[in-house]
Amino acid sequence: MGSLGKYSNEEPVVGISVKNCTFTNTQNGVRVKTWPASHQGTAFEMHFEDIAMNNVGNPIIIDQEYCPHNQCNLKVAVKLVCSQEVPCQDVELGDINLKYNGSEGPTMSQCKNIKPNLLGTQLPRTCA
């Protein structure tokens with residue numbers, strides 16, 4: 001889901017479900033992004049389940065500070081960046097098992113303005 005809040009009067013994003021998918025050789029996997037200082041809007045009831053990722057640059061991203069045109073180039077496996085004004089709420093992360101096979105160091109998790117409910121496996125440790 002992308003570029004939310006770019007325009008005024010956008011409809012809410014509600015009831016998205018992605019299940020039993022495989023992402024292979026992609027830059028991003030599961031991704032929700034909104035523009036910084038964006039117009040007010042909402043996104044809720046989004047579910048991502050049973051997803052396999054092979055050679056995915058950024059497997060999981062929830063980013064309320066979306067910075068287009070490669071202005072913010074971070075290599076993280078799990079990135080959850082929510083704004084201080086509108087923190088992410090009711091985010092549940094369960095059974096994440098991501099292995100990095102590159103040479104740029106270990107996988108890592110980045111979280112900002114969020115306290116997710118963590119369940120099951122967390123590899124890498126999410127929001128640690």
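Tutor: Start with a term: a residue is buried under 20% relative accessible area, exposed over 50%, and partly exposed in between. Keep in mind that this is a predicted model. As an example, cysteine 127 has 26% relative accessibility, so it counts as partly exposed.

Student: How many helices and strands does the protein chain have?
Tutor: The protein chain has 0 helices and 8 strands. Along the sequence, the pattern reads β-β-β-β-β-β-β-β.

Student: Back to cysteine 127. Which cysteine does it form a disulfide with?
Tutor: Its partner is cysteine 111, and the two sulfur atoms are 1.9 Å apart. The structure holds 1 disulfide.

Student: Is the disulfide left-handed or right-handed, and why?
Tutor: The torsion about the S-S bond is about -75°, so the disulfide is left-handed.

Student: And cysteine 111, buried or partly exposed?
Tutor: Cysteine 111 is at 27% relative accessibility, so it counts as partly exposed. Cysteine 21 is also partly exposed, with a relative accessible area of 28%.

Student: OK, strands now. Which strand is largely enclosed by the rest of the structure?
Tutor: Strand S2, residues 28-33, is one: 5 of its 6 residues are buried, so the rest of the structure largely encloses it.

Student: In which sense do S2 and S4 pair?
Tutor: They pair in the parallel sense, over 5 bridges.

Student: What stands opposite asparagine 28?
Tutor: Asparagine 58 in S4. Strand S4 covers residues 58-63. The side chains of asparagine 58 and asparagine 28 are also joined by a polar contact of 3.1 Å.

Student: Is asparagine 58 buried or exposed?
Tutor: Buried, because its relative accessibility is 8% and the cut-off is under 20%.

Student: Different spot. Where is isoleucine 114?
Tutor: Isoleucine 114 is in the loop between strand S7 (109-112) and strand S8 (117-123).

Student: Loop residue, then. Buried or exposed?
Tutor: Isoleucine 114 is at 11% relative accessibility, so it counts as buried.

Student: How far apart are isoleucine 114 and aspartate 90?
Tutor: They are 24 residues apart in sequence, and 9.1 Å apart in space from C-alpha to C-alpha.

Student: Now glutamine 122. Which strand does it lie in?
Tutor: Glutamine 122 lies in strand S8. With 17% relative accessibility, glutamine 122 counts as buried.

Student: What does glutamine 122 touch?
Tutor: Not counting residues up to four places away in sequence, glutamine 122 touches Leu93, Gly94, Asp95 and Ile96. A polar contact of 2.7 Å also joins the side chains of glutamine 122 and threonine 126.

Student: What about the chain as a whole? How much of it is made up of buried residues?
Tutor: Buried residues make up 29% of the 128 residues in the protein chain. The accessible surface comes to about 8,600 Å², and 46% of that belongs to carbon and sulfur atoms.

Student: Last one. Among contacts between residues at least 6 apart in sequence, what share join residues at least 24 apart?
Tutor: That share is 73% in the protein chain.

Note on methods: Residues are numbered from 1 along each chain as its sequence is written. This is a predicted model: local features need pLDDT of at least 70, side-chain atom pairs count only at pLDDT 80 or more; totals for chains, interfaces and linings use all residues. Side-chain values use heavy atoms; hydrogens and water are left out. Helices (H or I, at least four residues) and strands (E, at least two) are DSSP runs, numbered from the N terminus. Buried means under 20% relative accessible area, exposed over 50%, partly exposed in between (1.4 Å probe, protein chains only). A polar contact is a pair of N or O atoms within 3.5 Å; within protein, one must be able to donate a hydrogen and the other to accept it, and residues adjacent in sequence count only if both atoms are side-chain atoms. Contact means heavy atoms within 4.5 Å. Accessible areas come from the Shrake-Rupley method with a 1.4 Å probe; for residues, only the protein chains shown count as cover. Two strands pair if DSSP finds at least two bridges between them. A disulfide is a pair of cysteine sulfur atoms within 2.5 Å.
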